[in-house]
Amino acid sequence: MLERERMGNFLLELRRDKGLSTTEVAEAINVSEEDLAKWEDGSKLPEMDQVQPVADFYGVTVNELLRGERYSLDESAPSEHDVTQNVLEYANNNMSEQFKHTRREWLIAITGVLAFVIVACLIIDFLSVNTITWSGIASVSIVFAWGIILPLFFRLTTPIMSSLIAFSVLIIPYLFLLNLVISANNILVNVAIPITLVSLIYLWALYFIYKRMHLSSWRFLAVAAFGLVPVVIIINLVISMQFNIPLFTVWNVLGVLILIGIGVGLVYFEREKMKKESDESIGDTSSEIK
């Protein structure tokens, strides 16, 4: 913010020293009066390809424009390295400003589209049957999805962490609302909440394994496959207890065996890959020695 204000004040000073209006300057450097006004009040930075033409027009160096003041007579000229550093720093700040602006536009656009879809669903549903049926489920689900992607626009933490936190916080309220909307007599809650809690533990465990253990892609996928085994067994247990169906059906056992097979296959594939790379490395070393 301080850099923008300093440059803005400098641009305003340069224009007034020349006795020019914003219209005259905007036409001379081929920008809109709106952009020029934003530059001078410090709410926006010039694009990188606009910096040199602006500096040339006002008769200052690029470095003076970027620092927001002229060099005094007793100051030594900046080194090429200092100029390069200033330009790179300015380019980085400029890109950050553009990213924030684009991110804000996307957030507004996505929010507007989702709000329109919710209203459209409610209207269509009500006009069809004179009551709210499927549109209630759609509306609650859309709000839930919006809540999960919302943190991604604020860069509070890493994207994966943001989505996981949002999902963990919103999933239980979402299930209760969904249960209320579809009048499921708590069956959805009784089944979905235990399954959701197990799934959340699994997802958070995978996240921390990914962040802390620095596994290779194949080994991480193997851990994910093996970790799904107890998750699937617990989910089958919850469903079995709720609906009085056998725990060990053919499909349940087959699913567990498939997960174990995938995990074993991934571990074997990685070992073979590492062995091949090791053999190639030894072969290259031998060739160099000869």
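Helices (H or I, at least four residues) and strands (E, at least two) are DSSP runs, numbered from the N terminus. Axes are lines fitted to C-alpha atoms, for helices over the stretch in contact, with angles from 0 to 180 degrees between N-to-C directions.

I note that this is a predicted model, where local features need pLDDT of at least 70, side-chain atom pairs count only at pLDDT 80 or more, and totals for chains, interfaces and linings use all residues. Residues are numbered from 1 along each chain as its sequence is written, and side-chain values use heavy atoms, leaving out hydrogens and water.

**H2 and H3.** I looked up the axes of H2 (residues 22–29) and H3 (residues 33–41): they come within 9 Å and cross at roughly 110°. That makes H2 roughly perpendicular (65 to 115 degrees) to H3. On the H2 side I found Thr-22, Thr-23, Val-25, Ala-26 and Ile-29, meeting Glu-33, Leu-36, Trp-39 and Glu-40 of H3; contact means heavy atoms within 4.5 Å.

**Arg-15.** Next I checked Arg-15, which sits in H1 (residues 2–18). Its relative accessibility is 11%, so Arg-15 counts as buried (under 20% relative accessible area, 1.4 Å probe, protein chains only). Leaving aside residues up to four places away in sequence, Arg-15 touches Leu-20, Ser-21, Thr-22, Val-25, Glu-40 and Tyr-58.

**H4.** In H4 (residues 48–58) I listed Gln-50, Val-51, Val-54, Ala-55 and Tyr-58 as buried. Seen down the axis, they fall within an arc of 135°, so they line one face of H4; the arc is taken from the directions from the helix axis to the C-beta atoms. Turned away from that side are the exposed (over 50%) residues Asp-49 and Asp-56. Just after H4, I noted Gly-59 with a positive phi of about 75°.

How values were computed: Angles under 35 degrees count as roughly parallel, over 145 as roughly antiparallel, 65 to 115 as roughly perpendicular and the rest as oblique.
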